[in-house]
Every structure is written in C-alpha cells, then in structure tokens.
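Please read the briefing below alongside the sequence and the coordinates. It moves from the whole chain to a sheet and then to single residues.

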Amino acid sequence: MTDQKVRWGILGPGGIAASFAADLRHVPGAELAAVGSRRQETATEFAQKFGFARAHGSYADLAADPEVDVVYIATPHAFHAEAAHLCVAAGKAVLVEKPITLDLPEAARLVAAAREKGVFLMEAMWMRLNPAIRKIVELVEEGTIGWVSSIHADFGLQGPFDAEHRLRDPKLGGGALLDLGVYPINFAHLIMGAPASVQAWAHLTPERVDENTGILMGWEPGAVAALTCSINGQSRNNATITGTDGRIELPEGFFVPRSFVLQRAGREAETFEFDFPGSGYQFEAAEVQRCLLAGELESPLMPHATTLEIMTLLDTIREEIGVAY
C-alpha cells in the first residue's frame with residue numbers, strides 16, 4: 001500500500017457491488033485492482049464496466065491475487081462466511097456486506113479467524129458511517145435532546161415477491177429481518193447500545209421466512225424502541241429519536257440520509273443537510289482505508305464487538321419468530 005494507495009478487490013459482482021464500485025471513485029487513494037466471480041465472463045464484464053485492472057473467474061484466484069489489499073464481499077448472505085474465510089486465510093483485509101454471516105456462531109468464528117491471522121475485518125453497515133448519522137450520534141451524546149426515551153424506525157419493501165425470489169429463500173437467508181431489519185436494529189443499537197429486553201413477532205411466508213416483523217426493545221431505566229421490517233408493503237422507511245428535550249426526525253431512506261430535522265421544545269426546527277456525491281458507500285470504504293493505512297485490525301466505528309452484539313440480537317429475534325436457516 002505504497003503512496004497511500006489501497007488496492008480493492010470485489011468478490012461477487014452483483015447489484016450492491018456495482019453501487020459500491022461506483023462509489024469507490026469518490027474515495028481518495030482507492031485503486032480498482034480486481035474482480036472475482038464464479039464465472040469469468042461475469043468478472044470480465046464487471047471489471048470493464050467499472051475500470052478494474054483484472055478479472056478472475058474464481059473467488060480463490062481473487063483471494064490469491066498479490067496485487068489486492070482488501071476484498072469487499074458482496075455475495076448473498078448465505079455465502080458471506082465461506083468467501084470471507086477464504087480471503088482471511090489468504091491474508092487479505094475484508095469488508096463483508098451485512099449481515100456479516102447468517103448467525104452468531106458463524107460470525108464469531110470469522111472474527112476469531114481474522115484475529116488469529118492478524119488481518120482487518122469489518123462488517124459493511126454503511127449506515128453507521130454516513131455523515132448525517134454520525135452527526136446525530138454526536139448530538140445525542142451531547143445531550144441535545146435530553147434523555148432518549150424512544151426510537152421508532154421501519155423499513156419495508158413493496159411486495160409481493162415470487163416464491164423463487166431470494167428474499168423468500170431460506171437457503172439464502174431470506175426474509176425481511178436480515179435484509180431490511182438490520183437497519184432499524186443497527187439504528188437503535190447505535191443510539192442506545194445492546195438492549196436489556198427484546199421481543200418480536202412475525203408473519204412467515206410458506207417457505208418459513210419472515211415477511212412482516214415487529215420488534216420491541218427496552219433499556220433501563222425505561223427507553224424503548226419500536227421497529228418494523230417487511231417485504232409485503234412499502235412503509236415510510238423513516239426514523240425518529242425522541243428525548244426529554246426534543247427529537248430528531250430522519251426522512252424516508254433513514255439508512256442513508258442526506259438530511260435530518262432537530263426539533264427542540266420552544267425553538268424553531270433546525271434542518272441539517274449533508275451534500276455528497278454517489279450513493280453513500282464511499283464512507284465505509286474510506287474508513288476501511290483509514291484503518292488499513294493506520295495498521296488497525298478493526299474499525300472503532302464498526303468494531304467486532306458491535307457486529308457480534310447485532311448478530312446476537314438477530315439470532316434472538318429469529319428464535320422468537322420461528323425462522324431457521
């Protein structure tokens with residue numbers, strides 16, 4: 001990584017990988033090194049489209065590429081662990097799309113493997129790196145809205161989805177929770193930390209994945225969060241943090257906000273706006289590069305402990321609603 005360059009590889013060149021690759025152009029020092037796919041044609045097409053130097057027709061070849069520093073893993077959920085272990089074993093730093101694995105035991109094994117190998121590992125929860133979200137955390141920590149009493153957040157997609165769709169396939173980690181629910185859950189966790197209590201209810205599809213899920217979390221001495229996710233209806237996809245002295249309101253698309261409103265008692269509402277190019281994936285990529293150039297093995301903004309706490313919550317909720325992979 002000479003001259004402050006970080007050489008990126010992408011494993012699993014699908015839709016989200018395309019958005020990530022496009023945003024790398026907004027990250028100083030990001031070098032588009034290589035793409036790895038199960039099919040050479042797919043890797044070549046993706047590499048040519050986004051300007052990557054090399055295309056590999058297997059994940060193993062990408063992991064073995066000596067001109068790659070870090071690999072972004074963008075396969076379906078069910079294949080995250082296998083691909084990440086492959087790259088870690090090859091000594092590559094890894095950024096793994098959320099959720100990092102299907103369950104807590106898999107996540108714990110991956111974290112342990114990265115620590116043993118001495119390589120960087122981070123879950124790609126881009127929301128936590130968004131500048132608007134980071135400003136919200138700062139305001140809350142400063143006591144701007146007083147003691148936080150409640151959090152509301154929802155994320156729903158317009159259905160219905162066919163039975164063959166990946167969102168309904170338990171073999172691929174389908175359902176609303178892992179695709180969409182991770183955002184409201186991460187949002188609440190970011191503000192309040194791990195809850196003291198978690199309750200959940202869901203309606204399941206015939207394939208036994210959740211299509212409409214409600215989650216209630218509680219913290220001492222009395223804060224609550226009401227969170228929903230669904231794949232059978234377009235919800236408002238917004239969020240609110242309410243405190244004893246005010247509230248913060250995030251608009252539709254709360255998971256990648258470019259603005260939010262601060263409302264405090266007896267004062268005019270304040271709108272905070274954040275203008276940035278691209279889709280917003282560049283902030284997590286920039287944090288990965290900062291960590292690598294500083295010799296850090298995990299990010300303080302998305303540490304391993306946070307990933308494992310979130311996976312614990314997801315496992316707890318799945319057990320309550322009766323979803324198993």
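This is a predicted model: local features need pLDDT of at least 70, side-chain atom pairs count only at pLDDT 80 or more; totals for chains, interfaces and linings use all residues.

Residues are numbered from 1 along each chain as its sequence is written, and side-chain values use heavy atoms, with hydrogens and water left out. The protein chain holds nine helices and 14 strands, where helices (H or I, at least four residues) and strands (E, at least two) are DSSP runs numbered from the N terminus.

**Overall form**

- The radius of gyration of the protein chain is 20 Å, close to the 20 Å that the globule rule gives for 325 residues, so the chain is as compact as a globular protein of that length; the radius is taken over C-alpha atoms, and the rule is 2.2 Å times the number of residues to the power 0.38.
- Along its principal axes, the C-alpha trace of the protein chain spans about 60 × 50 × 35 Å.
- Of the 325 residues, 55% count as buried, a term that means under 20% relative accessible area, with exposed set at over 50% and partly exposed in between (1.4 Å probe, protein chains only).
- The protein chain exposes about 13,600 Å², of which carbon and sulfur atoms supply 50%; accessible areas come from the Shrake-Rupley method with a 1.4 Å probe, and for residues only the protein chains shown count as cover.
- Among contacts (heavy atoms within 4.5 Å) with a separation of 6 or more, residues 24 or more positions apart account for 66%.

**The six-stranded sheet**

- Six strands form an open sheet in the order β3-β2-β1-β4-β5-β6, with parallel pairing, two strands being counted as paired if DSSP finds at least two bridges between them.
- The edge strands, each pairing on one side only, are β3 (54–56) and β6 (121–124).
- Neighbouring strands of this sheet are turned by 25° against each other on average, direction ignored; axes are lines fitted to C-alpha atoms, for helices over the stretch in contact, and angles run from 0 to 180 degrees between N-to-C directions.
- Helix α2 (residues 40–50) packs on the sheet, where it touches β1, β2 (30–36) and β3, and its direction makes about 160° with that of β3.

**Strand β1 and its partners**

- Strand β1 (residues 6–11) pairs in the parallel sense with β4 (residues 70–73) over four bridges, and with β2, again in the parallel sense, over six bridges.
- G9 stands opposite V71 in β4 and also opposite A34 in β2.
- Six of the six residues of β1 are buried, and both faces are covered, with V6, W8 and I10 on one side and R7, G9 and L11 on the other.
- Together with helix α1 (residues 15–23) and β2, β1 makes a right-handed β-α-β unit; right-handed means that, with the strands pointing away from the viewer, the path from the first strand over the helix to the second runs clockwise.

- β4 and β5 pair in the parallel sense over four bridges, with Y72 opposite L95, and β4, α4 and β5 make a right-handed β-α-β unit.
- β5 and β6 likewise pair in the parallel sense over four bridges, A124 being the bridge partner of E97, and β5, α5 and β6 make a right-handed β-α-β unit.

**Two individual residues**

- T75 lies in the loop between β4 and α4 (80–89) and is buried, with a relative accessible area of 7%.
- Leaving aside neighbours within four places in sequence, T75 is in contact with L11, G12, Y59 and H80.
- A113 is found in helix α5 (residues 104–117) and touches H85 and V88, not counting residues up to four places away in sequence.
- The C-alpha atoms of A113 and P251, which are 138 residues apart along the chain, are separated by 39 Å.
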